[in-house]
Amino acid sequence: MSANRPLPANVRARTFYVARTDSRCWHCGLQTRLLALAMPENHETLDAETDADADADSESVPLAWQRANMRALLFYVQELPGEVQQRLTGILPSFRLAHSPATLNSYWANHCEHCGSLLGDHELHCEPDGAFVPASEAAAANIQLMLIESPFEAAAAGYAFEPEFFGFMRTS
């Protein structure tokens, strides 16, 4: 696939959640608001498995949507529809598309509201006790889930199914 073309969506749902919390910026040390995207049960993922004989760049390889009967958090989100982009930047303007030197790619990322530094998804979503990887029920209770009753699709490179303590996050 050409680098100039958008990636096809690999996750979609009839609704989605915006997960919100705050954390200390590791650059300036001030508290900053953060958000993440969460999928409800029964969202769909694009089956990325292809025929071993097929060229991975071929657009003729049929891919099938599979229902995921679990909740998930998305990260390293590279593509979002315009309506979703507008909604997210309306909720938190410091969540925006950015180029990451660490990944050598662009993705929708949190930035510190005070110093503007990129707060990378690896630290927020993959490290123990990261902002969206709570280590306890009490830490999970600091994450608020806001249900968005609107169709959603995205191209995401990171996908955490059934995040621990998801059930303890507050729903608004």
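Q: On a 1 Å grid over the protein atoms alone, a cavity is a set of points where a 1.4 Å probe fits but cannot get out. By this rule, how many cavities of 30 Å³ or more are there?

A: One cavity of 30 Å³ or more is counted. This is a predicted model, in which local features need pLDDT of at least 70, side-chain atom pairs count only at pLDDT 80 or more, and totals for chains, interfaces and linings use all residues. Residues are numbered from 1 along each chain as its sequence is written, and side-chain values use heavy atoms, leaving out hydrogens and water.

Q: What volume does the largest cavity have, and what lines it?

A: A volume is the space filled by probe spheres set on the points, which are joined across faces, edges and corners. The largest cavity comes to about 70 Å³. Lining residues have an atom within 4 Å of a point. Here they are L35, A36, L37, L74, F75, Y76, V77, F95, W108, N110, D121 and H125.

Q: Which elements supply at least two residues each to that lining?

A: Helices (H or I, at least four residues) and strands (E, at least two) are DSSP runs, numbered from the N terminus. For the largest cavity, β3, β6, β8 and α2 (121–126) each supply at least two lining residues. Strand β6 gives the most, with four. The chain as a whole has three helices and twelve strands.

Q: How does the lining of the largest cavity divide by class?

A: Ala, Val, Leu, Ile, Met, Phe, Trp, Tyr, Cys and Pro count as nonpolar, Asp, Glu, Lys and Arg as charged, and the others, Gly among them, as polar. The lining of the largest cavity has nine nonpolar, two polar and one charged residues.

Q: What lines the second largest pocket?

A: A pocket is an open set of points with protein on both sides within 12 Å along at least five of seven lines. The second largest pocket has a volume of about 150 Å³. Its lining is R12, A13, R14, T15, P40, E41, N42, H43, E44 and R67.

Q: What does H43 touch?

A: Contact means heavy atoms within 4.5 Å. H43 lies in strand β4 (residues 43–46). Leaving aside neighbours within four places in sequence, H43 contacts V11, R12, A13, Q66, R67, A68, M70, R71, A72 and Y159. The H43 side chain also reaches the backbone oxygen of P40 at 2.7 Å.

Q: How many salt bridges are there?

A: A salt bridge is a side-chain nitrogen of Lys or Arg within 4 Å of a carboxyl oxygen of Asp or Glu. The count is three. In one of them, R12 pairs with E44, with the closest N and O atoms 2.6 Å apart. R12 lies in strand β1 (residues 11–13) and E44 in β4, so the pair ties together parts 32 residues apart in sequence. R12 is partly exposed at 30% relative accessible area, while E44 is buried at 19%.

Q: Where do E113 and R33 lie?

A: E113 forms a salt bridge with R33, the closest N and O atoms being 2.7 Å apart. E113 is in the loop between β8 (105–111) and β9 (118–119), and R33 is in strand β3 (residues 31–39), 80 residues apart. E113 is partly exposed, at 32%, and R33 is partly exposed, at 44%.

Q: What does R71 pair with?

A: R71 forms a salt bridge with E162, with the closest N and O atoms 3.3 Å apart. The pair links the loop between β5 (65–68) and β6 (72–79), which holds R71, to the loop between β11 and β12, which holds E162; the two residues are 91 apart. R71 counts as partly exposed at 25%, as does E162 at 37%.

Q: Where does F166 lie, and which residues is F166 in contact with?

A: F166 lies in the loop between β11 (152–161) and β12 (170–171). F166 counts as buried, at 4% relative accessibility. Leaving aside neighbours within four places in sequence, F166 contacts A38, R71, L73 and L145.

Q: What share of contacts in the chain join residues at least 24 apart?

A: Among contacts between residues at least 6 apart in sequence, the share is 69%.

Key. Polar contact = N/O pair within 3.5 Å; in protein donor to acceptor, adjacent residues only side chain to side chain. Buried < 20%, exposed > 50% of the residue type's maximum accessible area, 1.4 Å probe, protein only.
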